[in-house]
Amino acid sequence: MNLEEIKRLSLKARTVRLTLPSGIEIDFVLPTAGRFLEFISKTPTQEDIIKLLNEGMPEGVAVEDLPLSDFLYLQEALSSFFENTRKKSPTGSSNTQEGS
C-alpha cells in the first residue's frame, strides 16, 4: 500500500455524514491522529474549536455560515468524539489493572 492509498483510506474512514438540526446534511471530516494530538496538547480556546470545525467542513462552507443550533451541535459532536477517543487511548484509559 502506498502513501496515496493510505491517505485516501484515512480520509474515507474519518468522513462522517451528519444531518444537522437545521436539516442540512454534510460530510464532515474528523481530524487525523496528528491533528487530534496537537489539539488536545493544550486547553483549546473557542477560536481553536472553530478552526478545527472549519477544517472538517466541506469545501466552501464555514462554521460561521451555519445557524447557531448547527454550530452548537457540531461543537458537541466534536467534544464527544474527543472525549470518547481519550477514554479509549492508553494514556486516558480507566482500564488499567490495579496493583500494577
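**View 1. Proline 58 counts as partly exposed, at 25% relative accessibility.** Here, partly exposed falls between buried, under 20% relative accessible area, and exposed, over 50% (1.4 Å probe, protein chains only). Proline 58 sits in the loop between helix 3 (46–56) and helix 4 (68–88); helices (H or I, at least four residues) and strands (E, at least two) are DSSP runs, numbered from the N terminus. Leaving aside neighbours within four places in sequence, proline 58 is in contact with Ile26 and Asp27, where contact means heavy atoms within 4.5 Å. From proline 58 to isoleucine 26 there are 32 residues in sequence and 7.0 Å in space, C-alpha to C-alpha.

A word on what you are looking at: this is a predicted model, in which local features need pLDDT of at least 70 and side-chain atom pairs count only at pLDDT 80 or more, while totals for chains, interfaces and linings use all residues. Residues are numbered from 1 along each chain as its sequence is written, and side-chain values use heavy atoms, with hydrogens and water left out.

**View 2. Strand 1 and strand 2 form a hairpin with 5 residues between them.** Strand 1 (residues 15–19) and strand 2 run antiparallel and are joined by 5 bridges; two strands pair if DSSP finds at least two bridges between them. Look for valine 16, which stands opposite phenylalanine 28 in strand 2. In the turn, glycine 23 has a positive phi of about 100 degrees. In a regular strand the side chains alternate between the two faces of the sheet. In strand 2 (residues 25–29), Ile26 and Phe28 make up the covered face, and Glu25, Asp27 and Val29 the uncovered one.

**View 3. Arg17, Glu25 and Asp27 are linked in a network of salt bridges.** A salt bridge is a side-chain nitrogen of Lys or Arg within 4 Å of a carboxyl oxygen of Asp or Glu. Between glutamate 25 and arginine 17, the closest N and O atoms are 3.2 Å apart. Arginine 17 is exposed, at 52%, and glutamate 25 is partly exposed, at 49%.

**View 4. Arginine 35 forms a salt bridge with glutamate 55.** Their closest N and O atoms are 2.8 Å apart. Arginine 35 lies in helix 2 and glutamate 55 in helix 3, so the pair ties together parts that are 20 residues apart in sequence. Arginine 35 is buried, with a relative accessible area of 17%, whereas glutamate 55 is partly exposed, with 42%.
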